[in-house]
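Work through the exercises below with the sequence and the model open side by side. Each task is followed by a solution in steps.

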Amino acid sequence: EDQVLVQCQIQNMQEEPLNVKVCLLTECHDATLLPKASKGITFSLKAETSGRFTATVESARQVAYASIPLNVIKTPEIMLTHIKPETVEYDEEVHLSFTIETDTPVYNVNMDLGFNDVNIEKIEESKEMTIITSSKNLINGMNIDLVYSDAAQKVYHDKKTIKVNVTNIPWYAKMIFWMASFFQ
């Protein structure tokens, strides 16, 4: 839903002044062009969907058409789903699997897991991931910082948290992780 500026350049190829009406969708501008002169006209429209639009230039004797392609890129959103296992024992190595899902393709995905970085060149719709970590890293949830780009190379930053139930945590570890949560 961003505003798109479309700039049209019109030129009078005749030896006499020319009065024209220039239109794009419902927006029209009247212009007078001197012989062999050119003029720029700017249109502003709301980008809602991709498509091809037609601009028209109309004089008393003729009409010219120009096709204008518009590619609207949806703002991507990343979700983490299908997290397995849901429960783990304290102080064990965990093969944590999850799916990264997106509603529009994303590129140059960097996932900062806090103890490791994962880079993915492109995610079309979803990507299965498995990481190996200690269940200690999951006690207060695993925070993931995401940086990724859309098809137009616009960069996005996002934070996600993976929550897994960690059981059999010793009392002293609970105290340490509880205190550590204040400094995160």
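**Exercise 1. Handedness of the disulfide**

Solution. The model is a predicted one.
- Step 1: Check that the bond qualifies. The sulfur atoms of Cys23 and Cys28 lie 2.1 Å apart, and the cut-off for a disulfide is within 2.5 Å.
- Step 2: Compare the burial of the two ends. Cys23 is buried, with a relative accessible area of 13%, whereas Cys28 is partly exposed at 38%.

**Exercise 2. The cysteine at position 8**

Solution. 
- Step 3: Cys8 has a relative accessibility of 14% and is buried, because buried means under 20%.

**Exercise 3. Partners of strand 10**

Task: Find how strand 10 pairs with strand 11 and with strand 13.

Solution. 
- Step 1: Strand 10 (residues 106-112) runs antiparallel to strand 11 (residues 117-123), and six bridges link them. Val106 has Ile123 as its bridge partner in strand 11.
- Step 2: Look at the connection. Strands 10 and 11 form a hairpin with four residues between them, and in the turn Gly114 has a positive phi of about 95°.
- Step 3: Strand 10 also pairs in the antiparallel sense with strand 13 (residues 142-149), over four bridges. Here Met111 has Leu146 as its bridge partner.

**Exercise 4. The nonpolar cores**

Task: Which residues of the largest nonpolar core touch the most other members?

Solution. 
- Step 1: The largest nonpolar core has 30 residues, and those touching the most other members are Leu96, Phe98, Ile100 and Met111.
- Step 2: Elements giving two or more residues to this core include strand 9 (93-102), strand 10, strand 13 and helix 1 (171-181).
- Step 3: Take Leu96 as an example. Beyond its neighbours within four places in sequence, its contacts include Ile83, Met129, Ile131, Leu138 and Ile162.
- Step 4: A second core of 18 residues is separate, and Val6, Val22, Ala31 and Ala47 are among its members.

Technical notes: Residues are numbered from 1 along each chain as its sequence is written. This is a predicted model: local features need pLDDT of at least 70, side-chain atom pairs count only at pLDDT 80 or more; totals for chains, interfaces and linings use all residues. Side-chain values use heavy atoms; hydrogens and water are left out. Two strands pair if DSSP finds at least two bridges between them. Buried means under 20% relative accessible area, exposed over 50%, partly exposed in between (1.4 Å probe, protein chains only). A nonpolar core is a set of buried Ala, Val, Leu, Ile, Met, Phe, Trp, Tyr and Cys residues joined through side-chain atoms within 4.5 Å. Contact means heavy atoms within 4.5 Å.
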